[in-house]
Amino acid sequence: MKKIVFILLLAIVGVNNLAQAQSPRAIISDKKGWHKIGETTVDFTRDRDEISVIGADRFAALIFAVDDAPVDLMDIEVFYESGDNQKVNINYHIKAPGQSKEISLNGGERSIKKIVFVYKTMPNPKDVKAHVVIWGLKTNAK
């Protein structure tokens with residue numbers, strides 16, 4: 001009986017951690033400036049992550065911020081609510097803590113559906129996973 005309870009507890013914790021790592025974040029503000037779009041912890045086993053954008057989803061530029069471990073950000077693909085997408089070849093090493101250069105979106109401020117990014121977490125002495133935060137710039141341009 002103790003074994004079953006322990007296994008169920010591990011399953012619940014695992015599902016909860018997975019949901020927290022990839023859960024979409026609703027943006028509720030339309031104020032000008034930088035807003036956190038989403039975040040995830042990237043590891044050594046995957047090389048692609050996806051962040052859904054919900055709410056006040058119009059942005060003109062993106063920045064990827066990294067903590068805990070360095071990351072090589074290779075490519076991003078932004079999927080717009082209009083159905084089209086924008087591929088950007090980055091090939092940028094981001095130290096931890098650090099951030100990418102500003103990535104301008106085609107057509108100015110646009111509604112984003114999701115952001116897919118391809119990366120490589122760089123090996124480090126403690127095998128620490130990188131924490132990546134995506135920031136979006138609102139200009140409120142029409």
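Two strands pair if DSSP finds at least two bridges between them. Strands themselves are DSSP runs of E with at least two residues, numbered from the N terminus. Welcome to a predicted model, in which local features need pLDDT of at least 70, side-chain atom pairs count only at pLDDT 80 or more, and totals for chains, interfaces and linings use all residues. Residues are numbered from 1 along each chain as its sequence is written, and side-chain values use heavy atoms, leaving out hydrogens and water.

**Strand 6 and its partners**

- Strand 6 (residues 71–80) runs antiparallel to strand 7 (residues 85–94), and eight bridges join the two.
- Within this pairing, Phe-79 has Asn-85 of strand 7 as its bridge partner.
- Four residues lie between the strands of this hairpin, where Gly-83 takes a positive phi near 105 degrees.
- Strand 6 also pairs with strand 10 (residues 110–121), again in the antiparallel sense, over nine bridges.
- Here Ile-76 stands opposite Phe-117 of strand 10.

**The nonpolar core**

- A nonpolar core is a set of buried Ala, Val, Leu, Ile, Met, Phe, Trp, Tyr and Cys residues joined through side-chain atoms within 4.5 Å, where buried means under 20% relative accessible area, exposed over 50% and partly exposed in between (1.4 Å probe, protein chains only).
- The largest such core holds 28 residues, and those with the most contacts inside it are Leu-62, Phe-64, Ile-76, Ile-112 and Phe-117.
- Several elements give two or more residues to this core, among them strand 2 (33–42), strand 5 (61–67) and strand 11 (130–138).
- Strand 6 gives the most, with five residues.
- Contact means heavy atoms within 4.5 Å; leaving out residues up to four places away in sequence, Phe-117 touches partners including Asp-49, Phe-64, Leu-73, Ile-76 and Ile-134.

**A buried aspartate**

- Asp-49 lies in strand 3 (residues 48–55) and counts as buried because its relative accessibility is 2%.
- Its side chain makes a polar contact with the side chain of Tyr-119 at 3.0 Å; such a contact is a pair of N or O atoms within 3.5 Å, and within protein one must be able to donate a hydrogen and the other to accept it, while residues adjacent in sequence count only if both atoms are side-chain atoms.

**Two loop residues**

- Ala-56, in the loop between strand 3 and strand 4 (58–59), is buried with a relative accessible area of 16%.
- Val-128, in the loop between strand 10 and strand 11, is partly exposed at 29%.
- Setting aside neighbours within four places in sequence, Val-128 is in contact with Phe-44, Asp-68, Ala-69 and Thr-121.
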